[in-house]
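Welcome, and thanks for taking a look at this structure. Please keep the sequence and the model open while you read the notes below.

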Amino acid sequence: MTATPQSNRYEDRLPDHMLQAGSERLADEQQDFLRSQALVYRFTQQELRQLCDIAADLAMWSADPIDRIWPELPEDQLGPKQRRQRILKQIRDHWQGLREQPAHYPAIPVARGYSAERIRRVQVEKDRLGLGWCPVASPRTRCCNLMTLDAVENCGFDCSYCSIQSFYHGDEVRFDSRFAEKLARLEIDPERTYHIGTGQSSDSLMWGNQAGILDALLDFATRHPNVILELKTKSKNINHLLKHEVPPNVLCTWSLNTPTLIANEEHLTASLDERLKAARRLADKGVVVGFHFHPMIRYDRWREEYGDLFQRLTDEFDAQEVALVSLGTLTYIKPVIKQLRARPEFQSKVLQMPMVEADGKLSYPDEIKREMFSFAYRTLAPWHDRVFFYLCMENQRLWEPVFGFDYPSNEAFEAAMKASYLEKIEQKRRN
Ligand code: SF4
């Protein structure tokens, strides 16, 4: 029964309140439960919103649902307002307690229903080339001034924490039919060194040479030896690169994570074995490779499993073959959190984390970042001074504690990165 304009009765306004609070995200029994409790405690609109967010998080984390953790309050002298506040406090404390604990991932992932079939590939004609500054760079973080080139828009993978889909068009992946022509016409300063990356708007290799994108990129790098072209990926699809000449100024870099996180949070992507095997094969072909640990995610077994991964990396690759290792972690803007909470039946633990406001975004507290990044850097000690290490999307205050050094400016960071990459590239040229 919808509220008539003149009705001020809480019962009559509740359906709208529930709707505004986003209750439709919840399972029916959760909605019914919250509605019944609202009639008892007469929660405000804002309190209902918070209860619905908490209920959505508990469902997403496969934790005990809100009706099972709802506190039993003793019949005492408390007035209705105090009772309501005590209920809310106990529920918030429970939710915050789960966020403080490192998440636990079951041996068999619970996530379901991820299918590449949902992706629709469409050809579009775009006016201009998607070349610009790194979309996630911020004046409040120490940044490398990367330029990004959008060869394809949207991604066919489905990583829980990724915000790409919130930028683009749901399940539609767009290939610009005139990408190769525009890239071929791009004029750049031959005296300047550029660091251009693909892999921000989509995965660089998962599409292979569809719409001629890899041919266009390899041709661009060949004609512009002053460009460091970085193809960033989570894919195993290296066939086209194995069959074609890859100029030395092309870096192929893999985003890596532990098998547990890949299985639970990086859906449809290549497994760790497949990614490392692809990197190994390209390195054997003489291509400079690199590795991004972004996001590193804190969970109960993070230290053992990241430790194994770092050890494996230094066992399977020589520092001379590797240009970079970047470290980063989960960082959110509010619209992305809202979007994740709105995904139906979404199973993920990427929001089960202690979250603080950090440099205009929401992320782990510094002490957790320092702990994870320092562990990573320490474990990769054999590569210190031989591979370029950096923090991505992080404030400069973390650099010194983690690396023992920092750069005086983003320009200095950029220059050091380019010099280090060019050294590996020149080495390849000489071979
Ligand atoms: S450090 Fe990371 S966020 Fe900053 S510009 Fe470079 S790639 Fe982008």
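The buried residues of α1 pack against α2 (28-41) and α3 (45-60). Here, buried means under 20% relative accessible area, exposed means over 50%, and partly exposed is in between, with a 1.4 Å probe and protein chains only. This is a predicted model, in which local features need pLDDT of at least 70 and side-chain atom pairs count only at pLDDT 80 or more, while totals for chains, interfaces and linings use all residues. Residues are numbered from 1 along each chain as its sequence is written, and side-chain values use heavy atoms, with hydrogens and water left out. Helices (H or I, at least four residues) and strands (E, at least two) are DSSP runs, numbered from the N terminus.

- Helix α1 covers residues 10-20, and its buried residues are Tyr10, Asp12, Leu14, His17 and Met18.
- Tyr10 lies in helix α1 and counts as buried at 9% relative accessibility.
- Leaving aside residues up to four places away in sequence, Tyr10 touches His17, Ala38, Leu39, Arg42, Phe43 and Leu48; contact means heavy atoms within 4.5 Å.
- Tyr10 and Arg341 are 331 residues apart along the chain, and their C-alpha atoms are separated by 27 Å.
- Just after α1 comes Gly22, with a positive phi of about 85 degrees.

**Packing of α3 with α5**

- Two packed helices are described by the angle between their axes and the distance between the axes.
- For α3 and helix α5 (residues 80-100), the angle is about 30 degrees and the axes are 11 Å apart.
- Axes are lines fitted to C-alpha atoms, for helices over the stretch in contact, and angles run from 0 to 180 degrees between N-to-C directions.
- The helices α3 and α5 are therefore roughly parallel to each other; angles under 35 degrees count as roughly parallel, over 145 as roughly antiparallel, 65 to 115 as roughly perpendicular and the rest as oblique.
- α3 and α5 make a left-handed crossing, the term used if the near helix is turned anticlockwise from the far one by less than a right angle, with right-handed used if clockwise.
- On the α3 side, Glu47, Gln50, Leu51, Ile54, Asp57 and Leu58 meet Arg84, Leu88, Ile91, Arg92, His94, Trp95 and Leu98 of α5.
- By class, the contact of α3 with α5 has seven nonpolar, two polar and four charged residues; Ala, Val, Leu, Ile, Met, Phe, Trp, Tyr, Cys and Pro count as nonpolar, Asp, Glu, Lys and Arg as charged, and the others, Gly among them, as polar.

**Packing of α12 with α14**

- Helix α12 (residues 302-316) and helix α14 (residues 366-379) have axes that come within 10 Å and cross at roughly 30 degrees.
- That makes α12 roughly parallel to α14, and α12 passes α14 in a right-handed crossing.
- Trp302, Arg303, Tyr306, Gly307 and Phe310 of α12 make the contact with Glu371, Met372, Phe375, Ala376, Arg378 and Thr379 of α14.
- The residues of this contact divide into six nonpolar, two polar and three charged.

**Aromatic pairs around Tyr377**

- The structure holds 24 aromatic pairs; rings of Phe, Tyr and Trp (its six-membered ring) pair if their centres lie within 6.5 Å, and planes under 30 degrees apart count as stacked, over 60 as edge-to-face and the rest as tilted.
- Tyr377 and Phe389 form an edge-to-face pair, at 5.0 Å centre to centre and 80 degrees between the planes.
- This pair links distant parts of the chain, with Tyr377 in helix α14 and Phe389 in strand β16 (residues 388-391), 12 residues apart.
- Both Tyr377 and Phe389 are buried.
- The ring centres of Tyr377 and Phe403 are 4.8 Å apart with planes at 80 degrees, so this pair is edge-to-face.
- Phe403 lies in helix α15 (residues 399-403) and Tyr377 in helix α14, so the pair ties together parts that are 26 residues apart in sequence.
- One aromatic cluster is formed by Tyr377, Phe388, Phe389, Tyr390, Trp399, Phe403, Phe405, Tyr407, Phe413 and Tyr421.

**Backbone details**

- Arg42, in the loop between α2 and α3, has a positive phi of about 50 degrees although it is not a glycine.
- Ala211 is not a glycine either, yet has a positive phi of about 60 degrees; Ala211 lies in the loop between β7 (194-198) and α8 (213-223).
- The peptide bond from His294 to Pro295 is cis, with omega near 10 degrees, and Pro295 is found in strand β11 (residues 288-296).
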